[in-house]
Amino acid sequence: MNKKYFLLLMVAFCYCITFSQNTEKILNNTSSFSQLINNFSGGLESNGQWYLNDPKTGDFEEEQNIRANSYLRINGFFLKNFTVGMQVESYAPKPLLNYDRQFDKELSLAQYFINYKTNKIDATAGYFYAQFGSGLILRAWEDTALGLNNSIRGGKVIYTPFEFLEITGLYGSQRRGFDVSDSDIMAFNTELNIDNLLKSDFFDELSIGLSYLNRNQEYISPIDEVNLDMVDIPKNIGLYSARLGVSFKDIYTNIEYVYKGRDTRLNNIIPNIVSFSENKLFDGNAVLFNLGYSAKGFGINYTFRRLENMSFYSQREDGNLINNPTNRATVNYLPALTKQHDYTLANIYLYQAQPGLSVENYESPRVKAGEIGNQIDVFYKIKKGTALGGKYGTKISANFSYWAALNVEVSDPDGVPFFSSDNLTYKSDFLNFKNKLFTDFNIEIKKKWSRKLSSIFTFIDLYYNTDYLVEANGSDINAWIGVAESTYKFGKGKSIRFEAQHLATNDDSRNWVGGTLEFFFNSNFGAYFNDSYNYEDSPVEENRKIHFFNLGGSFSKGATRIGLNYGRQRGGLICVGGVCRPVNKNTGVTLNLNTSF
């Protein structure tokens, strides 16, 4: 049965490649067919894996060790202003490991929409994506690498009566697997570009944004008997956002404030059991501030963010990340604001934003209310012809981020030990950075030695609070990572790249060494080998002296890319844009296809 799925997947890949290469010939030979096809566009993405038993990473103990996640998107254009589209998804025979189990169909129509668009009106019925401001109150989006799709099924209208004013209204239910959440979302957004309104040349940008979102969900108590102390838990929870953006010559800044209405508190004292405080309600808020300066050869940017009780899901019970590691049905977008590194060893200790309010840990309970922190980015280019710049100049960039848990004062009028009472309450400090969770200082130097040879040198120093971020009574991790890579271009698309990495820690995973060798035979075809190895006896048994190697290659032709890989996946987190999901240690063969038409 598994071999059948693998063969079908291979046939589909070969067919899609042949189709994409021959489409142009077909269109040239049939003009009427060409006119019809020109009204359609789309793409196919398929990611398949054959999970293998491995004495180092363990046996694959689940059913169906050959699996594939596939997505077919087709859009059609007609009557000048109309667009229709659909997305067919397949998880056959089951979704890949660590993807949301709500994707439980081998083949199904997952999304569809119809859109009408003119200069002033953009209206959509069906499934759609949306984002207000930075996403602090709403971002409906999709990322197949994370297994995340938070689109909304309903209706959305964007009205632009003037070039300086845009108004958005939407209503619907958020996608949850192949169904939708048991709630309704109604939201409005206004973007006012004041410098366009005033026809002023003084500011490059002066804009104001106002947003409102309401989630309507009935709360059902898991307790059969009536709780006389239970407060009236609201059916409607609202979020309000105000934003200001200013840009003047080389300086830019923006600030956003969000208020979240009062709702229940997640009680996560017993693992895998989702429950809520029914005696107290808590509101939330967020502050985001950004200030930057950019000129030729130099740039600096500072970001501050504070989140308190800002986790928000279209279904309350999805707020327990133990049961929802893929962040299904998240309404807002709260990524980690840290440097997103490209290197394997730099992605062992990854920070995830800590925005929620909950009581956690059964043996040593504590209240988590949110996070506070900042990061700063600096970029500088040393001029050509100088002693340090050389013939081609030298680029230097540095980043520092610091994140802490909100400092809270907890009180429980019932005097119940371990803070297990529903009457628990707390107060938080607005500006207090003492509960350090994560720091990352990194510097990167890019140097071009000649027309053919260039190098990148990276140094990272980080701190990671395992006790708070992973498990109670964990150790504090101090680590440094060094990376050196060089690329030599032979011409006509042919190049070779070598990369060496080293990670050293005071504890936990101890010392790692890693490297990559990549060779492109031409602009279409490349092959690579990389390996990460924990060469000391690590206290973390799952990573102890194992070569996490990968051998593979990719081929691209036009709008089609196919990749093949064999190797081992280290257990931990995989992150895209600061949003993460956990992955299990495994070994296997991976086949990827992306094509558009």
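**Figure 1. The disulfide of Cys575 and Cys580.** Cys575 and Cys580 are joined as a disulfide, with their sulfur atoms 1.9 Å apart. The view is taken from a predicted model. The link of Cys575 and Cys580 is right-handed, with 100 degrees about the S-S bond. The count for the structure comes to 1 disulfide. Cys575 is partly exposed, at 23% relative accessibility, whereas Cys580 is buried, at 3%. In general terms, such a link is a covalent bond between the sulfur atoms of two cysteines.

**Figure 2. Confidence along the chain.** The average pLDDT of the chain is 89, and 88% of the residues score at least 70. Residues 1-28 have a pLDDT below 50. In the model, this stretch has 32 contacts beyond near neighbours in sequence.

**Figure 3. Aromatic pairs around Tyr91.** The structure contains 30 aromatic pairs. One of them joins Tyr71 and Tyr91 in an edge-to-face arrangement, with 6.0 Å from centre to centre and 85 degrees between the planes. Tyr71 belongs to strand E2 (residues 66-78) and Tyr91 to strand E3 (residues 82-92), so this pair ties together parts that are 20 residues apart in sequence. Tyr91 also pairs with Phe103, and this pair is stacked: the centres are 4.9 Å apart and the planes 15 degrees apart.

Figure 4. Pro93 is placed in the loop between E3 and E4. Lys80, in the loop between E2 and E3, is not a glycine but has a positive phi of about 70 degrees. Lys80 is exposed, with a relative accessible area of 84%. Lys199 likewise has a positive phi, near 55 degrees. The loop that holds Lys199 runs between helix H3 (194-198) and strand E14 (205-216). Lys199 is exposed, at a relative accessible area of 61%. As background, most residues other than glycine have a negative phi, and most peptide bonds are trans.

**Figure 5. An aromatic cluster and two charges over rings.** One aromatic cluster is formed by Tyr349, Tyr351, Trp403, Phe438 and Tyr464. Lys436 lies over the face of Tyr463, at 4.3 Å from the ring centre.

Figure 6. Asn435 is located in strand E25. Its relative accessible area is 27%, so Asn435 counts as partly exposed. Asn435 and Trp403 are 32 residues apart in sequence, and their C-alpha atoms are 8.5 Å apart in space. Apart from neighbours within four places in sequence, the contacts of Asn435 are Ala404, Ala405, Leu406 and Asn407.

Figure 7. The largest nonpolar core has 47 residues, of which Leu138, Leu170, Leu213 and Ile481 touch the most other members. The elements that each supply at least two residues of this core include strand E13 (184-193), strand E15 (236-248), strand E17 (275-295), helix H4 (466-469) and strand E27 (476-491). E27 provides the largest share, 4 residues. Beyond neighbours within four places in sequence, Ile481 is in contact with Leu345, Ala346, Thr458, Phe459, Ile460, Leu462, His502 and Leu503. A second, separate core of 13 residues has Phe282, Val359, Ile372 and Tyr402 among its members.

**Figure 8. Surroundings of Thr264.** Thr264 lies in strand E16 (residues 251-268). Its relative accessibility is 9%, so Thr264 counts as buried. Leaving out neighbours within four places in sequence, Thr264 is in contact with Ile233, Phe276, Ser277, Lys280, Leu281 and Arg316.

Notes
Residues are numbered from 1 along each chain as its sequence is written. This is a predicted model: local features need pLDDT of at least 70, side-chain atom pairs count only at pLDDT 80 or more; totals for chains, interfaces and linings use all residues. Side-chain values use heavy atoms; hydrogens and water are left out. Rings of Phe, Tyr and Trp (its six-membered ring) pair if their centres lie within 6.5 Å; planes under 30 degrees apart count as stacked, over 60 as edge-to-face and the rest as tilted. A charge sits over a ring if NZ of Lys or CZ of Arg is within 6 Å of the ring centre and within 35 degrees of the ring normal. pLDDT is the predictor's confidence in each residue, from 0 to 100. Contact means heavy atoms within 4.5 Å. A nonpolar core is a set of buried Ala, Val, Leu, Ile, Met, Phe, Trp, Tyr and Cys residues joined through side-chain atoms within 4.5 Å. Buried means under 20% relative accessible area, exposed over 50%, partly exposed in between (1.4 Å probe, protein chains only). A disulfide is a pair of cysteine sulfur atoms within 2.5 Å.
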